Structure formats: C-alpha cells, structure tokens
Amino acid sequence: QRSMKAFFQGSTPVSNIIQDQFAEVEWAHLVSRFLLSGFTSLQLGSCGLGSQNFFATSQIFARMKRLTYMDLSHNNLRSCSCKILGEWLKQFQVLTYLDLSSNALNDDGARHLCTSLPFVSALQVLHCRECGFGNCGWNSIILALEQNQVMTNVNGFHIDGLWSGRMVRASLSKYEFEACFPLSVVEYLVRSAETLTFLDLSFNRLGDQWAFMSFLSSVPKLQSFNMSNNLIGPVGMDALGPELANLRFLTELDLSYNHLGPEGGILLGIALVKLTMLSSLNLRDNYVGSSGGTAVSIAVLHLTRLEILQYQFNDLGDEAGLELCRSLTNLTRLRIFWINHNSLGDDVVRRIGRSLVPLTCLKSLCLTTGNNSQLETRKDLQNSLCFVGQWNDVDVTGADFLEGGW
C-alpha cells in the first residue's frame with residue numbers, strides 16, 4: 001500500500017506502467033482510490049491477484065477505457081475470471097496489447113474470451129502461453145481472432161498474412177508443451193498455399209500427432225521445413241513421409257532429434273529419393289541404425305545439390321557407412337559434412353576419407369569423433385586431405401566441437 005501511495009504522490013506521468021509485487025491487500029480499496037481513468041498502460045503481472053481480488057476490482061478496471069496495454073500474466077486467475085474479463089474487454093476499443101499468460105484459464109476460459117475478442121478491434125498482440133488451452137480452446141481463440149484486421153502477433157507468432165492467405169514465413173518454434181497452438185494455426189496455413197515457402201515447427205514435442213502432417217501436400221511451394229525436436233518417431237514418420245515426397249521445391253529439411261529409429265529411417269529414405277532440390281539436410285540424433293541408415297544413404301545418392309549433410313548420432317554401423325561412401329562421390333557441392341558418433345569401424349572411416357578427397361567445396365568435416373578410428377588412420381586422413389586449401393576445420397584429431405563448425 002505504501003508503494004502504491006508513493007507512486008501516485010510522485011510526479012510520474014499517469015500513462016506509465018504500474019508494476020509491483022503485492023500479496024494479500026485490499027485490491028478494491030487500492031484501485032478505487034488510486035487507479036485513474038486516464039491510465040493507458042497497466043502492468044499487473046505476477047501480482048498475485050487471484051480470482052477473488054480480480055472479481056473485487058473488475059468493475060474498476062472496466063472503467064479504464066483508455067487502456068492500450070494490459071498485462072495480467074502470472075496472477076493465478078481461473079476460467080471463471082474470464083467470464084468477467086470477457087464482459088469488460090468489449091469496452092476496450094483502443095487496447096492493442098493483452099497478456100494473460102500463466103493463468104489456469106483452460107478451455108472454458110478460452111470460450112469466454114472468444115465472446116469478447118472480436119470486439120477488441122484494435123488488438124495487435126495477444127499472449128496466452130501456459131494457460132492450459134487444448135485443441136478446442138486454441139481453435140476457438142484463432143477463429144475469434146480471424147475477424148481482427150490489425151492483429152500481428154499471437155504468443156510470439158507473427159501472423160501477418162495468415163488470414164488473407166499471403167503468409168510467406170511461419171515460425172512456430174519452441175512452444176514445446178503447448179503443441180495445441182501450432183496445430184491450430186497450421187490449419188490456416190493452407191490458405192497461403194501459393195506464397196508459403198518457410199515453415200518452422202521445431203521444439204514442439206508434437207510426437208506422432210500425424211493429423212496435421214496431411215496439410216503439407218497443400219503447400220507444394222515450401223522451400224524450408226524444420227521439424228527438429230518433435231520426437232515424432234517411426235509412427236510420425238510413416239505419416240510425414242508421403243507428404244514430404246510431394247515437396248519437390250524443398251531445399252532445406254531439418255528432422256533432427258526425432259528418434260525415427262530403423263523403421264523411420266527406411267520410410268525417410270523412400271521420401272528423400274524424390275527431394276532432389278535439397279541443399280541442406282539435418283538428420284542428427286535419430287538413431288536410424290544399420291537398416292534405416294542404409295536406406296537413407298542410398299537416397300543421398302540422388303541428392304546431388306546437397307551442400308550441408310548433418311548425419312551424426314545415428315548408430316549407422318559399417319554397412320550403412322559403406323553405402324554412404326558410394327553416394328558421397330555424387331555430392332560435388334558438399335560444404336559441411338558431420339558424421340561423428342556413428343559406430344563406424346576404422347576401415348569405413350578410411351574409405352569415407354578417400355571418398356571425400358575429390359569434393360573440393362568441402363569446408364567443414366567431423367568424421368573420426370565417436371567412431372572407432374585409430375590414431376594412424378587419423379594421421380593418414382590429415383595427410384591425404386591437407387592439400388585441400390578450402391577446408392578450414394577438418395576433424396582428424398578427435399575434437400568434439402570445431403571452431404567455425406558449431
């Protein structure tokens with residue numbers, strides 16, 4: 001209370017943000033005494049309001065019709081709070097920023113919000129991370145926002161062009177346990193079939209939720225697709241494979257950290273054969289094993305435009321390694337090649353080294369680390385490859401991370 005009084009007795013302009021830590025205080029009394037109708041920015045994040053205090057102050061908040069910025073994040077609000085919030089949000093015709101993150105609103109709260117969001121016509125930025133919204137909740141929110149003509153950002157996702165069908169880049173990375181949000185947005189990306197060239201769904205732990213993957217065939221002009229860190233496994237790869245095969249303009253593909261396993265590796269190999277435009281392929285940490293690695297290595301033979309191949313931590317073994325040796329001779333544009341930690345024997349490491357000698361574009365190589373190569377082999381590789389002056393970091397010493405390579 002003293003902090004609030006000091007603030008209002010000072011010379012700070014009323015348009016400034018209010019932010020402080022308050023626990024059990026008489027919110028209705030404080031707000032009625034000190035919150036003026038002229039405020040345009042209100043930040044009450046992490047103030048411990050709770051539903052009870054929120055109810056007590058809701059009528060006061062409702063009179064602050066000039067607000068353009070409101071932060072109610074981390075306040076232990078519940079879905080019942082959204083019913084009140086939804087009613088007075090309708091009066092905020094100039095509100096441009098709203099943050100409700102980290103409140104247990106759940107799908108019921110989302111439905112209450114949806115009744116008011118179409119009325120907040122000036123809203124440009126909305127944050128609802130960690131609110132417990134499921135598929136139903138996020139589908140309702142996105143549908144309600146479709147009527148907003150000025151919205152630019154939802155949960156950090158830049159939605160410019162999403163409704164109009166003119167989106168070029170869609171970055172939905174790092175939502176992790178909120179996979180429902182990117183899944184809800186993805187359905188709208190089909191509208192941008194003629195313009196969408198970049199899609200990033202990495203770090204969402206989508207698992208084998210294969211339903212969304214069928215939309216890929218509707219965006220045939222996609223050039224860059226990142227599905228890293230989603231743990232889709234062989235089941236997800238079974239659904240994703242046929243869709244990938246249709247992306248004939250794809251130049252960048254990242255499927256790292258998806259635990260595809262041998263079965264998933266075989267399915268991926270079938271799809272890769274048709275992606276002849278690929279210039280960058282990241283398959284790190286998929287543990288495709290010998291059978292899956294052999295299928296992928298055979299497919300690489302057809303990817304003659306490849307400049308970057310990241311193939312580490314896949315437990316390939318000698319059979320898949322030998323198959324890769326035959327494919328490498330076709331990759332004349334290869335600049336970066338990482339195949340460390342693959343249980344390759346000393347003889348296979350030597351053969352791969354000899355296959356790389358004609359590839360004069362190569363600049364970054366990680367080969368011997370985590371493979372069963374002998375010191376003599378590493379020295380021989382250093383001697384045979386040192387004449388290629390364009391190479392600036394060749395891993396023949398067993399170093400894990402190389403300067404310029406990570």
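**Reading the helices in a predicted model**

Colleague: Among contacts in this protein between residues at least 6 apart in sequence, what share joins residues at least 24 apart?

Modeller: The share is 81%. Keep in mind that this is a predicted model. Its secondary structure comes to 13 helices and 15 strands, and 54% of the 406 residues count as buried.

Colleague: How do I read the packing of two helices, and at what angle do H4 and H5 pack?

Modeller: Start with the angle between the axes: under 35 degrees counts as roughly parallel. Here H4 (residues 79-89) and H5 (residues 106-114) pack at about 10 degrees, with their axes 8 Å apart. That angle makes H4 roughly parallel to H5.

Colleague: Which residues make that contact?

Modeller: From H4 come Ser79, Cys82, Lys83, Leu85, Gly86 and Leu89, while H5 brings Asp108, Gly109, His112 and Leu113. By class, the contact has four nonpolar, four polar and two charged residues.

Colleague: Let's turn to H10. How far apart are its end C-alpha atoms, and what span should its residues have?

Modeller: A helix is checked at 1.5 Å a residue. The 12 residues of H10 (residues 289-300) should span 16 Å, and the end C-alpha atoms are 16 Å apart, which agrees.

Colleague: How many residues of H10 are buried, and which helices do those residues pack against?

Modeller: Buried means under 20% relative accessible area. Nine of the 12 residues of H10 are buried, so this helix is largely enclosed by the rest of the structure. Among them are Gly292, Gly293, Ala295 and Val296. The buried residues of H10 pack against H9 (261-272) and H11 (317-328).

Methods: Residues numbered from 1 in each chain as written. Predicted model: local features only at pLDDT ≥ 70, side-chain atom pairs only at ≥ 80, totals over all residues. Heavy atoms only, no water. Axes fitted to C-alpha atoms, helices over the stretch in contact; angles between N-to-C directions. Helix = DSSP H or I, 4+ residues; strand = E, 2+ residues; numbered from the N terminus. Parallel < 35°, antiparallel > 145°, perpendicular 65-115°, else oblique. Contact = heavy atoms within 4.5 Å. Nonpolar A, V, L, I, M, F, W, Y, C, P; charged D, E, K, R; others polar. Buried < 20%, exposed > 50% of the residue type's maximum accessible area, 1.4 Å probe, protein only. Expected span 1.5 Å × (residues − 1).
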